[in-house]
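Q: Please take a close look at a single part of this model. I would like one connected account of how that part sits among its neighbours.

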Amino acid sequence: MASRSKSSQRWLKEHFSDPYVKKAQAEGMRSRAAYKLEELVARDRLLKPGMVVVDLGAAPGGWSQWVRQELDRLEQPLPPAAPRGRVIASDILSMPPLAGVEFLHGDFRDAAVLSALQAMLGGQPVDLVLSDMAPNKSGVDAVDQPRAMHLAELAMDFADRQLRTGGTFLIKLFQGVGFDEYLRQLRGRYDRVAIRKPAASRRRSPEVYALAQGKRAGQAMAG
């Protein structure tokens, strides 16, 4: 218990001295994770006006908040009749409303929640699928890694079904068992796959982001 207490104190000290935490507080962002996405999107110019974006594992909303703000900025000069981008977020955790973001509360592993998400899309193809999903950590790698890879498989399956040909899939992964095989599967589905570690990712974290661009034709969209 003492070691747990010490590690908790260390985490709190690190958290509140973190420049990205301070920046998020100053700029009214819901989480420091927004700056991971900002770097990833800027580097590869992933966002364009009118895009349909799905954010899986969205709570507390930092990614959705940033995407909505950035789409609004990109769409400022658009004529009134031009289609505006959509941001659809989903999480097992509840999330306070965000203006311009459609939110589905539920467990992504549940087929009924997946169906509801597809219904929200109404047959509209998705341009960008984001997944920051992660399981609750037990601290036991032999338990946590398979859970994380299961969520990653579900996200890839969703992208197979809902992402338009040529679309982009950005997902958080944890290095470990199943990681290399997952990348192999991504490379069979997309023209370009790269691993990114944004500056806002904590150095000791095993998380990385796989960016898969140019979805190949062949995976049928769900009806």
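This is a predicted model: local features need pLDDT of at least 70, side-chain atom pairs count only at pLDDT 80 or more; totals for chains, interfaces and linings use all residues.

A: Start with strand β2, residues 86-91. The strand is mostly covered. Six of its six residues are buried, each with under 20% relative accessible area. The cover applies to both faces. One side carries Arg86, Ile88 and Ser90, and these are buried.

Next, the strand partners. β2 pairs with strand β1, residues 52-56, in the parallel sense. That pairing runs over five bridges. β2 also pairs with strand β3, residues 101-105. Here too the sense is parallel, over five bridges.

Ser90 shows both pairings at one residue. Leu56 stands opposite Ser90 of β2. In β3, the bridge partner of Ser90 is Leu104.

For another element, turn to helix α7, residues 179-189. Its buried residues are Phe179, Tyr182, Leu183, Gln185, Leu186 and Arg189. They cover an arc of only 160° around the axis, so they lie on the same side of α7. Asp180 and Arg184 are exposed on the other side. What covers the buried residues of α7 includes helix α6 (141-162). The cover also includes β5 (163-174), β6 (190-196) and β7 (207-215).

Terms used:
Residues are numbered from 1 along each chain as its sequence is written. Side-chain values use heavy atoms; hydrogens and water are left out. Buried means under 20% relative accessible area, exposed over 50%, partly exposed in between (1.4 Å probe, protein chains only). Helices (H or I, at least four residues) and strands (E, at least two) are DSSP runs, numbered from the N terminus. Two strands pair if DSSP finds at least two bridges between them. The arc is that of the directions from the helix axis to the C-beta atoms. Contact means heavy atoms within 4.5 Å.
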